[in-house]
Amino acid sequence: MIKNEKQYYAACERIEELLKVVGNDTPADDKNFIELDLLSDLVADYEETQYPVKNPELPEIIKLRMYEMGINQNKLSELLEVSPSRISEYLSGKSEPTLSVARNICRKLNINASVVLGV
């Protein structure tokens, strides 16, 4: 178990060294392969506890989808059939969409329902 940043960085450096000698053709019983596998698991466990990745918030997801679709707030309001001011409130996080609007967000913006509903 990695207990602190110093151990974490040392493990990462060792992984970098091992990646230079371990390849796809390295046998699974090779000592370098085994060490790489073990260190990778330890580093992954440490990162999960020390650097957790937060799920993005709905406003961030909507903004990203707007960018991907090349639409602005006015076009989004037309697409979702709500007022531009309501879209502004959704994007600023001041209000959350109603169930019917959430359904439209899922369908028309192709955003997973679990993200829209925050579950």
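Buried means under 20% relative accessible area, exposed means over 50%, and partly exposed lies in between. Please note before starting that this is a predicted model.

**Stop 1**

E68 has a relative accessible area of 47%, so it is partly exposed. A search of the whole structure finds five salt bridges, and the next stops visit others.

**Stop 2**

Move to R14, which is placed in helix α1. Is R14 buried, partly exposed or exposed? Its relative accessible area is 28%, so R14 is partly exposed. Select E17 next; a salt bridge joins E17 to R14, with 3.0 Å between the closest N and O atoms. These two residues both lie in helix α1, three residues apart, which is about one turn of the helix. E17 counts as partly exposed because its relative accessibility is 43%.

R14, E17 and E35 are linked in a network of salt bridges. Which residues does R14 contact when neighbours within four places in sequence are left aside? They are N32, E35 and L39.

For a sense of scale, select E57 together with R14. The two are 43 residues apart in sequence, and their C-alpha atoms are 36 Å apart in space.

**Stop 3**

Select T26, which is found in the loop between α1 (5-21) and α2. With a relative accessible area of 16%, T26 is under the 20% limit and is therefore buried. Not counting residues up to four places away in sequence, T26 touches V21 and F33.

**Stop 2: a patch of negative charge**

Select D37, D41, D45, E47 and E48 together and display the surface. These residues gather in a patch of negative charge on the surface. One of them, E47, is located in helix α2, which comprises residues 31-50. E47 counts as partly exposed because its relative accessibility is 32%.

**Stop 5**

Select E81, in the loop between α4 (73-80) and α5 (84-92). Its relative accessible area is 61%, over the 50% limit, so E81 is exposed. Then select K108, with which E81 forms a salt bridge; the closest N and O atoms are 3.5 Å apart. This pair links distant parts of the chain, namely E81 in the loop between α4 and α5 and K108 in helix α6, 27 residues apart. K108 is partly exposed, since its relative accessible area is 32%.

Now inspect the backbone of E81. Its phi is near 60 degrees, a positive value in a residue other than glycine. Most residues other than glycine have a negative phi.

**Stop 3: along helix α6 and beyond**

Select N104, which lies in helix α6. Is N104 buried or exposed? N104 is buried, because its relative accessible area is 18%. Leaving out residues up to four places away in sequence, N104 touches L80 and L109.

Continue to N110, in the loop between α6 and α7 (113-117). N110 is not a glycine, although it has a positive phi of about 55 degrees. N110 counts as exposed because its relative accessibility is 62%.

Note on methods: Residues numbered from 1 in each chain as written. Predicted model: local features only at pLDDT ≥ 70, side-chain atom pairs only at ≥ 80, totals over all residues. Heavy atoms only, no water. Patch = residues over 30% accessible without salt bridge, like charges linked within 9 Å, V, L, I, M, F, W, Y side chains within 5 Å. Areas by Shrake-Rupley, 256 points an atom, 1.4 Å probe, with all protein chains shown as cover. Salt bridge = Lys/Arg side-chain N within 4 Å of Asp/Glu carboxyl O. Lys, Arg positive; Asp, Glu negative; His and termini not counted. Charge placed at Lys NZ, Arg CZ, Asp CG, Glu CD. Helix = DSSP H or I, 4+ residues; strand = E, 2+ residues; numbered from the N terminus. Buried < 20%, exposed > 50% of the residue type's maximum accessible area, 1.4 Å probe, protein only. Contact = heavy atoms within 4.5 Å.
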